[in-house]
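Here are my notes for anyone opening this structure for the first time. Have a look at it, then read on.

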Amino acid sequence: MKIVKIREDNCIFCHLCEVACIVEHSQSKDIIKAFKREEKPIARCSVEFNYPVSLSVMCRHCDDAPCVEACQNGSMHRDDRGYVVVDADTCVGCWMCIMACPYGVIKRDTRRESWGLSTKCDFCPDREIPACVEACPNEALTLEEI
Amino acid sequence: MKIVIVGNSVAAINAIEAIREKDKISSVAVVSDENYRAYSHPLLPNLVIGEVSRSEDRFYYRRSDFYQKNKVNAILGKRVVKINPKSKTIELDNTEKVEYDKLLLACGGKPAKPPIDGLELEGVHTLTNIKGADKLRKDLKNINHCVVVGAGLIGSKVAEKLAKKKVKVTLVELARRVLFPVLDDKGADFIHKELKRLGVNLILNDSVKALDGSNRVEQVVLNSGKRIKADGVVVAVGVSPNIDLAKDAGLKVDKGVVVNDYMQTSDESIYAAGDVAQAYDVVYGSKRPIPILPLAARQGRTSALNMLGMDVKYKGGFPMNSITIGKTSFISMGIVDSDELEILSFERDGEYRKFLIDEDNRLKGMILVNNVEKAGMFNWMIQNKFDVSWIKDAFLNSDFGWKYFNKAFRVLRLDRKIK
Ligand SMILES: Cc1cc2nc3c(=O)[nH]c(=O)nc-3n(C[C@H](O)[C@H](O)[C@H](O)COP(=O)(O)OP(=O)(O)OC[C@H]3O[C@@H](n4cnc5c(N)ncnc54)[C@H](O)[C@@H]3O)c2cc1C
Ligand code: SF4
Ligand code: SF4
């Protein structure tokens, strides 16, 4: 299965992966609208910086996915492609998946009225190549068989 | 092969999924005395006050086509009353017998019964299954003042939810703080504040001696002599493993059903997983039941693979909890309070971080309050007995993350070369 390979030596801390991720997960998929008019999605990848280190980190789509095991109601699950995704309609924001994820790549969206929403990389189901990989100008993120 | 599972919850469902990943042919039957498809126990307090209903998918552990899709014979609403290890059969409460080649005990636990007089009165509840939740929900119209006995996970959650529903709530806890095993004093203070803000009357260092009333509970008597007027009581002093079936069948039991590293009981055809099992705790270095959902899931999977003859070792687990009360979320795991371990801690602006490390530089436990998103990275370190000597200085940073690790290690981990 292909996942996003992180090549930290190429990362220049430009955050374009995060921008692309936000746009891809927005309602309109339009950059201006996504950032200024609609509720701005939370980026599924995070760029970390600690001079001279910088890298973008996102879900590793584990084959033994501890987040899936920890989920209290099956919201965190493996989809037909084999990637680990959240069912937003059923997630209750209990953060048990966060407690379990060994890579620390799940974020909390607490903006919904009644239930929190676990937010993580869904490997862009509408695309051939994930948005972050396509957006990275210097191949610090590449699509590879791991 | 005929596989039979007693219980139809987290451990059972994960066992079924693991079986069907490897084996589409063996017959699988699951028997439960509860007449519903598997559901989410952590949502029971929400169910009581109507935040979630039984018609919603989010209340269930799997979608409704689960049993059909996995070709499982679901025998629901029937209780297993006996196991006959010699003839490899189980008996149901309608005298029906079911044969097995491999049997999995995934029958969970039941509410522990504290030594309190008057538990049989009307208006006294427990909350570990749908039946209990429905009974409490229907009784809410009769309850103006509810006493919750025990401020563990379930008690604290119920107290929060009832208070939200504008019921007057008194929460009584024997220890000096709520959530005693999963928080330290400082962490618990965050929760004390939330509960008080919600209007919960908190009584610590005291316990309930008796419930008084002629038919329905009217008054709660504490050990200190204090008396509280109440027309409802929820007893939540913990769960104890359902070991009777195993014990009567002559299997080795202690606090839970004793299993080896392969989740196998003292009978080689019978396995146990989940809240009923007494499996290895990697933090304490001994076997004990740890009644939490993620471990029930993992043990269910492991036991299933071993039933299929695959020799998969259960690496052990440790307690871990993710709880939100009011506006405060915390995640804690392993040992959270100790006089012997090295302690690193930090508190500022509503954030609290605490790490407990042994003399070999192994992380033994931690608490994160409010800034919880990296909790799982510490989970990994505890589970894998990772040497933290070179990274622990960064633990207290609010922005703890991959950037603080040694590069070679980071690359190997992120490439999934070290699991
Ligand atoms: C209110 C509440 C909140 C919780 N919150 C959390 C939380 O936030 N995080 C967490 O990690 N864990 C939580 N838990 C614990 C979690 O739900 C359990 O760890 C998990 O459900 C264990 O799964 P299990 O499969 O071992 O057994 P159970 O879920 O206990 O299921 C066992 C099943 O077996 C059935 N059974 C028992 N005996 C028989 C018999 N003789 N014949 C037929 N059927 C039988 C029972 O009726 C039951 O349906 C909570 C539990 C409760 C009650
Ligand atoms: S969210 Fe974490 S645990 Fe789940 S698949 Fe991704 S990396 Fe693995
Ligand atoms: S936050 Fe959502 S996806 Fe994560 S464990 Fe809870 S219900 Fe499952």
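Predicted model: local features only at pLDDT ≥ 70, side-chain atom pairs only at ≥ 80, totals over all residues.

1. Residues are numbered from 1 along each chain as its sequence is written, chains are lettered from A and ligands numbered from 1 in the order in which they are written, and side-chain values use heavy atoms, with hydrogens and water left out.

2. Start with where the two chains meet. Chain B brings 47 residues to the contact and chain A brings 42 residues (contact means heavy atoms within 4.5 Å). Together they bury about 3700 Å², with carbon and sulfur atoms giving 49% of that (buried area is the accessible area, 1.4 Å probe, that two parts lose on being put together, summed over both). On the chain B side, the residues losing the most area to chain A are Arg58(B), Glu373(B) and Arg416(B), together 21% of what that side buries.

3. How many salt bridges cross between chain B and chain A? The rule finds seven, taking a side-chain nitrogen of Lys or Arg within 4 Å of a carboxyl oxygen of Asp or Glu. One of them joins Asp9(A) to Lys407(B), with the closest N and O atoms 2.5 Å apart. By class, the side of chain B that touches chain A has 20 nonpolar, eleven polar and 16 charged residues (Ala, Val, Leu, Ile, Met, Phe, Trp, Tyr, Cys and Pro count as nonpolar, Asp, Glu, Lys and Arg as charged, and the others, Gly among them, as polar).

4. Next, ligand 2. It is surrounded by 13 residues, and the closest are Cys59(A), Cys62(A), Cys67(A), Cys101(A) and Lys120(A) (near means a heavy atom within 4 Å). The shell divides into ten nonpolar, one polar and two charged residues.

5. Chain A itself is split into domain 1 (1–58 + 125–146) and domain 2 (63–120), with bounds from an automatic or database domain assignment. Their C-alpha centres lie 19 Å apart, and the contact takes 13 residues from domain 1 of chain A and ten residues from domain 2 of chain A.

6. These two domains of chain A bury about 970 Å² between them, 57% of it on carbon and sulfur atoms. Between the domains the rule finds zero salt bridges.
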